[in-house]
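Let's take a friendly walk through a protein model. Have the structure open and follow along.

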Amino acid sequence: MSNLLLLMKSVSYYITLVITDAFDKQGLNSLIKDTFDKYLFHYFFKDIYKVPDIFELDPFTISVIKRYFPESKDDSCLFEVLDSELALVCGILKEDFDEANFSFENLASKYGNIKFKCLLQPKKSEVPVPFFDEEMDIKNYVKYSNTTKSVKQLKFACNIDMDNNFNQLKENLKSVLPDVLQWRSIHDILQYSPKTNQGINEPQLYLKVKNVWTGAHDETLCLRSVNCNHGPGASFWIGTQTEDDNTMMDKALKIEGIDFYNQKHQFFPSIEFCLKNKIKVTCGVQYAHDIVVVGPGSRHW
Ligand SMILES: [Fe+2]
């Protein structure tokens with residue numbers, strides 16, 4: 001029991017660095033508008049607005065992800081972030097993130113031959129179908145990212161290990177992250193681990209193009225994760241409360257026929273799905289230079 005508590009309260013990280021063009025401005029604006037119009041209107045009119053029966057919407061079933069604006073890297077609000085199930089830390093990356101260093105062009109020219117398993121995924125409306133991986137290198141992914149308007153297949157470059165490469169990127173990331181959110185800092189329970197755990201005490205890189213998506217999941221070993229968005233695009237995040245984890249698994253199987261753990265990352269629950277099944281959701285937009293911190297064991301997509 002005490003070990004479990006130690007783990008849940010410890011600071012270990014699943015660090016991701018995302019370079020994304022997942023939404024163009026117009027697409028993002030309409031997504032935000034749709035979401036707010038449909039589901040979050042009661043926050044503005046909650047005293048007078050009658051909730052429509054169709055969603056069985058309880059005003060406390062859906063909320064927006066809390067945003068934090070620390071004034072310095074040791075601002076005490078960062079410790080509050082560590083107690084959250086899902087939180088947005090805004091502003092810190094903006095100051096010193098080296099724009100040119102993180103561009104797709106720079107990645108292609110400096111790290112173009114690095115290979116990784118690229119996730120080929122259907123559009124969200126087409127799930128569930130089998131996913132599969134394709135071996136790819138960074139220069140070909142960058143080439144693909146320039147032609148996405150004419151191709152139908154979505155390709156998501158995820159979990160690219162950064163341990164033997166990307167030193168410049170990692171140094172830049174280390175210089176901008178506060179200690180409490182940094183891998184192998186004094187706050188990291190795995191700081192002395194001689195073993196490199198990819199994505200846990202060593203960051204991983206994600207490259208996104210418009211419309212790629214991540215299915216609902218818990219983080220590796222249910223540890224906390226720190227997700228830095230370099231931009232220029234933004235990502236839309238949805239999370240649930242851990243108390244609703246079992247409900248989500250049961251409903252995924254009964255309604256959608258999806259075995260949550262055996263069909264990992266294939267289930268993208270809509271907000272309607274959550275509301276109809278009384279699963280509490282929190283959602284929000286991670287703009288360029290925002291950090292999303294996912295709490296231990298929090299399910300998100
Ligand atoms: Fe995650």
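Predicted model: local features only at pLDDT ≥ 70, side-chain atom pairs only at ≥ 80, totals over all residues.

What holds strands together in general? Strands of a sheet pair through backbone hydrogen bonds, and they can do that either parallel or antiparallel.

Now zoom in on one pair. β2 and β11 (residues 281–286) run parallel and are joined by 3 bridges. If you pick V64, you'll find its bridge partner in β11 is C283.

## One side of a helix

Next, look for helix α7, which covers residues 138–145. Its buried residues are I138, Y141 and V142. They sit on the same side of α7, because they cover an arc of only 100° around the axis. The general rule is handy here: an α-helix has 3.6 residues a turn, so residues three or four places apart point the same way.

What do the buried residues of α7 pack against? Their partners are the helix α6 (104–111) and the strands β5 (115–121), β6 (132–137), β7 (154–161) and β8 (204–208).

## The nonpolar core

Finally, the largest nonpolar core has 51 residues. Those with the most contacts inside it are A87, V89, A157, L181, I291 and V293.

Leaving out residues up to four places away in sequence, I291 touches V89, I92, L93, L181, V226, N227 and C228.

Note on methods: Residues numbered from 1 in each chain as written. Core = buried A, V, L, I, M, F, W, Y, C linked by C-beta atoms within 7 Å. Buried ≥ 20, exposed ≤ 12 C-beta atoms within 10 Å, placed from the backbone. Contact = placed C-beta atoms within 7 Å. Helix = DSSP H or I, 4+ residues; strand = E, 2+ residues; numbered from the N terminus. Arc of directions from axis to C-beta. Pairing = 2+ DSSP bridges.
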